[in-house]
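User: I'm new to this structure and would like to learn how to read its features. Could you walk me through them one by one?

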Amino acid sequence: MLRFTIQSGGSLNAKTTKQGDTALMLATSRGYLEVMRELLASGVEVDLANLDGYTALSMSITQNQPEAARILLAFGADINQRDPGW
């Protein structure tokens, strides 16, 4: 489904939940590392925030996903961007 969305030109930065989470945020919080890599390689915006101010990087930290955090940082995630809970 992800490859179809990418190939058909679908918006990879679309907000997918009522909280405004993106596909990258959902993949990050669940530890779906290959999905994250594919999304990031396809050009998703790494530092988007949801309605609560959480980014994929902050979700990787709160969901205890250290490898996801490393991937996000390798793709340029801003370590200085803060969510409201910090």
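Analyst: Let's begin with one side chain: Arg 70 counts as partly exposed, at 49% relative accessibility. As for the scale, buried means under 20% relative accessible area, exposed means over 50%, and partly exposed is in between (1.4 Å probe, protein chains only). Please keep in mind that this is a predicted model, in which local features need pLDDT of at least 70 and side-chain atom pairs count only at pLDDT 80 or more, while totals for chains, interfaces and linings use all residues. Residues are numbered from 1 along each chain as its sequence is written, and side-chain values use heavy atoms, with hydrogens and water left out.

User: Thanks! With which residue does the side chain of Arg 70 meet in a salt bridge?

Analyst: The general idea first: side chains of opposite charge can pair when their charged atoms come close. A salt bridge here is a side-chain nitrogen of Lys or Arg within 4 Å of a carboxyl oxygen of Asp or Glu. The partner of Arg 70 is Glu 67, at 3.0 Å from N to O. Because Arg 70 and Glu 67 are three residues apart in helix H5, about one helical turn separates them.

User: How many salt bridges does the structure hold?

Analyst: There are three. Another one joins Glu 67 to Arg 37, at 3.9 Å from N to O. This pair links distant parts of the chain, since Glu 67 sits in helix H5 and Arg 37 in helix H3, 30 residues apart. Glu 34 also forms a salt bridge with Arg 37, with the closest N and O atoms 2.6 Å apart; both of these residues lie in H3, three residues apart, about one turn of the helix. Glu 34 is exposed, with a relative accessible area of 56%, while Arg 37 is partly exposed at 30% and Glu 67 is partly exposed at 33%. Together, Glu 34, Arg 37, Glu 67 and Arg 70 are linked in a network of salt bridges.

User: At what angle do H3 and H5 pack?

Analyst: Axes are lines fitted to C-alpha atoms, for helices over the stretch in contact, and angles run from 0 to 180 degrees between N-to-C directions. Angles under 35 degrees count as roughly parallel, over 145 as roughly antiparallel, 65 to 115 as roughly perpendicular, and the rest as oblique. Contact means heavy atoms within 4.5 Å. H3 and H5 pack at about 10°, with axes 10 Å apart, and are therefore roughly parallel to each other. Leu 33, Met 36, Arg 37 and Leu 40 of H3 make the contact with Glu 67, Ala 68, Ile 71 and Leu 72 of H5.

User: How many residues does the largest nonpolar core have?

Analyst: A nonpolar core is a set of buried Ala, Val, Leu, Ile, Met, Phe, Trp, Tyr and Cys residues joined through side-chain atoms within 4.5 Å. The largest here has 17 residues, and those with the most contacts inside it include Met 36, Leu 40, Val 44 and Leu 72. Helices H2 (23-30), H3 (33-41), H4 (56-62) and H5 (66-74) are the elements that give two or more residues to this core. H5 gives the most, with four residues.
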